[in-house]
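This briefing goes through the fold topic by topic, beginning with a sheet and moving on to domains, overall dimensions, further strand pairings and helix packing. Please keep the sequence and the model in view while reading.

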Amino acid sequence: TVIRMQIETTPDLVSKVYAKITENITKYRKLVNRPLTLTEKILVGHLDDIESAKDLEPGKSYSFLRPDRVALQDVTGQMVILQFMQSGLKRSTLPTTVHCDHLIRAKVSGDVDIKVALDENSEVYKFLESSSRKYGIGFWKPGAGIIHQVVLENYAFPGGLMIGTDSHTPNAGGLGMLAVGVGGLDATEVMAGFPWELLYPKRIGIHLKGELNGWVAPKDVILYVAWKLTVSGGTNAIVEYFGPGTKSISCTGKATITNMGAEIGATCSVFPYDEKMEVYLKSTNRGQIAELANRYQDILVADPEVEQNPEKYFDKVIEIDLSSLEPYIAGPHTPDLARPISKLAEDVKENKYLDTISVALIGSCTNSSYEDMTRAASVAEQAKSHGIHVQIPLLVTPGSEQIRATIERDGQMHTLNEIGATVLANACGPCIGQWNRPEIKAGEPNTIVTSFNRNFPGRNDGRRETMAFMGSPELIVALALGGKLSFNPLKDTLKGSDGKDFKLEPPKKAPEVPSKGFSNIGEIYVPPAANPDEIEVMINPTSGRLQKLEPFLKWDGKDFVELPLLLKAKGKCTTDHISPAGAWLSLRGHIDKISDNIFLGAVNAFTNDVGKGKNQLNGNTESFPVIARQYKEKGLKWIVVGDNNYGEGSSREHAAMSPRYLGCAAVIARSFARIHETNLKKQGVLALTFVNPSDYDKIQETDKISILDLSQIQPGKNVKCVLNHKDGTTDEIALKHSYNDFQIKWFKAGSALNIMREREAQ
Ligand code: F3S
């Protein structure tokens with residue numbers, strides 16, 4: 001049908017995009033008269049107004065872009081669609097898909113867990129499917145696969161621009177697409193036909209030389225980069241890979257690398273178009289798109305001068321010789337705590353990490369390609385031939401039904417099963433805390449190893465005591481065979497069933513795509529309805545999972561005077577700390593109920609308590625959501641103070657929406673993570689930073705904070721803040737902000753959505 005054609009990435013659509021990029025680049029070259037990076041070509045090629053290109057300053061000015069598509073997952077997507085419903089529009093204005101991957105909880109095995117999920121989440125799935133059919137959105141059913149894998153297999157294309165309501169949307173950079181994780185409201189706006197606003201990013205170039213070999217995998221490239229740049233090193237930047245080494249990495253390997261660019265806070269990461277991408281496009285039935293990309297190659301790679309003199313065109317350049325890279329393991333608790341596997345045993349001893357591993361997990365959107373599974377199976381094959389099994393449970397999460405069915409057909413799954421692996425559903429599962437682990441007692445410290453992309457405390461199983469270490473799938477299978485974190489498969493031996501010691505060989509070179517093609521899969525996709533007006537969106541008014549939204553109130557034009565401090569967060573305060581996932585995931589479509597989770601993971605800077613602080617109304621120590629509700633009942637707004645890189649991690653808009661819903665007026669931080677800062681702005685919460693970061697230390701537990709002269713707020717101008725301490729003294733401090741004129745309107749209107757609704761009503 002016509003509507004279905006809109007969802008797919010058709011050759012016609014791609015050729016229009018390429019024509020537009022070509023036209024814009026030609027104009028831009030005249031303006032800047034210098035060689036261009038790939039990042040610039042794609043961004044400039046998608047500008048809403050090419051005339052605005054002359055003013056673009058990386059890291060300073062805002063660009064307005066026209067993405068080619070939007071991807072939503074089943075958790076964040078609920079709120080996007082609920083918001084879209086408020087806009088008054090009849091259908092999404094650009095290709096949009098919904099992917100049911102986050103709500104499936106891992107417990108027994110793929111088949112069993114999917115049945116349970118279908119039952120438990122039936123009202124959410126019904127809502128997503130009915131609203132997708134009504135609003136012109138493609139719907140991928142539970143079990144179809146993880147959003148980023150399905151997008152890579154079906155929709156991503158070189159030179160494209162997409163946004164997705166999930167932080168690992170940059171996965172599509174492995175296929176040469178600029179793909180950015182955004183908050184839900186960004187997605188709603190773009191679906192409603194507004195351009196997408198992005199702080200014009202800086203550029204980080206990563207020059208790859210040599211070739212991966214032996215145990216070294218694409219995962220090691222990104223773990224090394226994360227270690228080198230740290231979790232905030234990519235903030236407001238796009239990471240562009242270039243150099244001869246890029247050609248040696250498969251398309252799906254590239255996707256692993258760009259996927260985890262999110263771990264350094266990068267806007268996204270991208271690889272230049274090459275033969276590996278061509279191979280992947282062809283093997284996923286997109287030969288015509290590959291032909292187009294071949295024809296338009298010059299717009300899908302950086303200009304040759306960039307590689308010759310990268311320092312001139314990137315803000316920062318890192319060089320990596322793939323031939324001398326070692327396998328890395330990162331963790332616990334942060335993805336930038338990486339070291340080569342050769343140093344891990346020493347680290348385990350020194351830091352007293354629990355050496356015995358409790359569970360090993362491979363797969364997820366990051367590492368579940370055909371190549372990954374084949375290399376993991378190659379390690380498993382060796383164990384099998386020596387008659388041994390994994391010493392601990394090994395759980396496998398295929399990225400999509402296409403991958404699952406293909407590795408079942410081609411034998412990798414069988415090999416993994418034979419050494420004791422359990423295959424879970426094609427879903428996020430343990431990667432996002434959807435993991436039922438009754439065998440571990442509450443508070444019991446334990447070590448797990450994964451090939452996932454995040455390892456924050458509480459991330460995988462909702463338990464802060466679990467220490468998660470990450471590496472490539474093949475390394476994780478080796479660790480599962482060794483059973484200990486200190487086991488180094490490159491030098492240590494295992495004991496075969498014959499009692500003899502043997503050393504694992506590096507995994508065999510694996511095919512990037514199956515030689516027989518991918519397996520065909522069944523009916524797991526639902527196109528938009530041909531009769532949308534007749535479709536009713538299914539929301540039960542008494543639902544505990546879904547709630548229609550009410551608009552936030554407009555700013556009343558008054559200064560914030562003597563508002564109580566709810567929380568002064570110490571150290572890392574990710575969106576997982578602000579709005580934890582785990583069991584709360586099921587409430588993402590219900591703003592009132594989910595708000596009972598706010599700041600439950602945040603560390604109180606005064607007491608080091610997690611999730612609780614002083615209630616300024618009664619002096620008691622209570623949990624943050626309980627205090628916030630009491631303030632709200634009394635009509636009191638309140639303030640949060642954050643440390644560095646506040647709000648890093650996922651793009652979860654609830655981390656801004658729930659505080660706003662319970663009365664948060666402003667967040668003042670030493671610095672913000674990009675997506676979260678924008679989310680706060682969009683929900684009408686003032687996002688401010690200290691002019692002098694050491695002023696953070698002046699905030700006291702019982703402070704009442706005033707933010708003054710708000711009617712004068714303007715771009716580039718500091719904001720006055722007075723800290724009223726309990727002993728009657730005060731401190732006046734200056735705060736900065738990054739609001740532009742447009743964003744100031746969001747604040748004044750109460751939210752960005754309020755502006756959108758007003759426009760539609762006109
Ligand atoms: Fe899902 Fe984990 Fe990826 S939550 S989308 S598998 S990062």
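In this predicted model, an open sheet is built from 4 strands in the order 10-9-8-11, and the pairing within that sheet is parallel. Its edges are formed by strand 10 (268-270) and strand 11 (316-321), each of which pairs on one side only, and from one strand to the next the twist averages 20°.

**The open sheet in detail**

- Strand 8 (residues 202-209) and strand 9 (residues 237-242) run parallel and are joined by 6 bridges.
- Within this pairing, Lys-202 has Ala-237 of strand 9 standing opposite.

**Domains and the contact between domains 1 and 2**

- The protein is divided into three parts, namely domain 1 (2-204 + 273-298), domain 2 (331-486) and domain 3 (560-761).
- Between the C-alpha centres of domain 1 and domain 2 the separation is 29 Å, and 21 residues of domain 1 are in contact with 23 residues of domain 2.
- On the side of domain 1 that touches domain 2, helix 5 (110-120) and helix 7 (147-154) each supply at least two residues, and helix 7 gives the most, with 5 residues.
- Sorted by class, that side of domain 1 comprises 7 nonpolar, 9 polar and 5 charged residues.

**Overall composition and dimensions**

- The protein contains 26 helices and 30 strands; its radius of gyration is 25 Å, close to the 27 Å that the globule rule gives for 762 residues, so the protein is as compact as a globular protein of that length.
- The C-alpha trace spans about 75 × 60 × 55 Å along its principal axes.
- Of the 762 residues in the protein, 58% are buried.
- Among contacts with a separation of 6 or more, 78% are made by residues 24 or more positions apart.

- A barrel is closed by 7 strands in the order 22-25-26-27-30-29-28, with mixed pairing, and here the twist from one strand to the next averages 40°.
- One of its pairings is antiparallel and joins strand 27 (residues 686-690) to strand 30 (residues 730-736) over 2 bridges, with Leu-735 of strand 30 as the bridge partner of Phe-690.

**Helix 4 against helix 26**

- The axes of helix 4 (residues 76-87) and helix 26 (residues 752-761) come within 9 Å of each other and cross at roughly 35°.
- Helix 4 contributes Gln-83, Gln-86 and Ser-87 to this contact, and helix 26 contributes Leu-753, Met-756, Arg-757 and Glu-760.
- By class, the contact of helix 4 with helix 26 consists of 2 nonpolar, 3 polar and 2 charged residues.

**Helix 17**

- Helix 17 (residues 401-410) is mostly covered, with 7 of its 10 residues buried; these are Glu-401, Gln-402, Ile-403, Arg-404, Thr-406, Ile-407 and Asp-410.
- The buried residues of helix 17 pack against helix 7, helix 16 (370-385) and helix 18 (412-418).
- After helix 17 comes Gly-411, which has a positive phi near 100°.

**The surroundings of Asn-455**

- Asn-455 is placed in the loop between strand 17 (446-450) and strand 18 (466-470).
- Asn-455 counts as buried because 23 C-beta neighbours lie inside 10 Å, where the cut-off for a buried residue is 20 or more.
- When its neighbours within four places in sequence are left aside, the contacts of Asn-455 are Ala-330, Gly-331, Pro-332, His-333, Thr-334, Pro-335, Ala-468, Phe-469 and Met-470.
- Asn-455 and Phe-599 are 144 residues apart along the chain, and their C-alpha atoms are separated by 19 Å.

Notes: Residues are numbered from 1 along each chain as its sequence is written. This is a predicted model: local features need pLDDT of at least 70, side-chain atom pairs count only at pLDDT 80 or more; totals for chains, interfaces and linings use all residues. Two strands pair if DSSP finds at least two bridges between them. Axes are lines fitted to C-alpha atoms, for helices over the stretch in contact, and angles run from 0 to 180 degrees between N-to-C directions. Domain bounds come from an automatic or database domain assignment. Two residues are in contact if their C-beta atoms, placed from the backbone, lie within 7 Å. Ala, Val, Leu, Ile, Met, Phe, Trp, Tyr, Cys and Pro count as nonpolar, Asp, Glu, Lys and Arg as charged, and the others, Gly among them, as polar. The radius of gyration is taken over C-alpha atoms; the globule rule is 2.2 Å times the number of residues to the power 0.38. A residue is buried if 20 or more other C-beta atoms lie within 10 Å of its own, exposed if 12 or fewer, and partly exposed in between; C-beta atoms are placed from the backbone.
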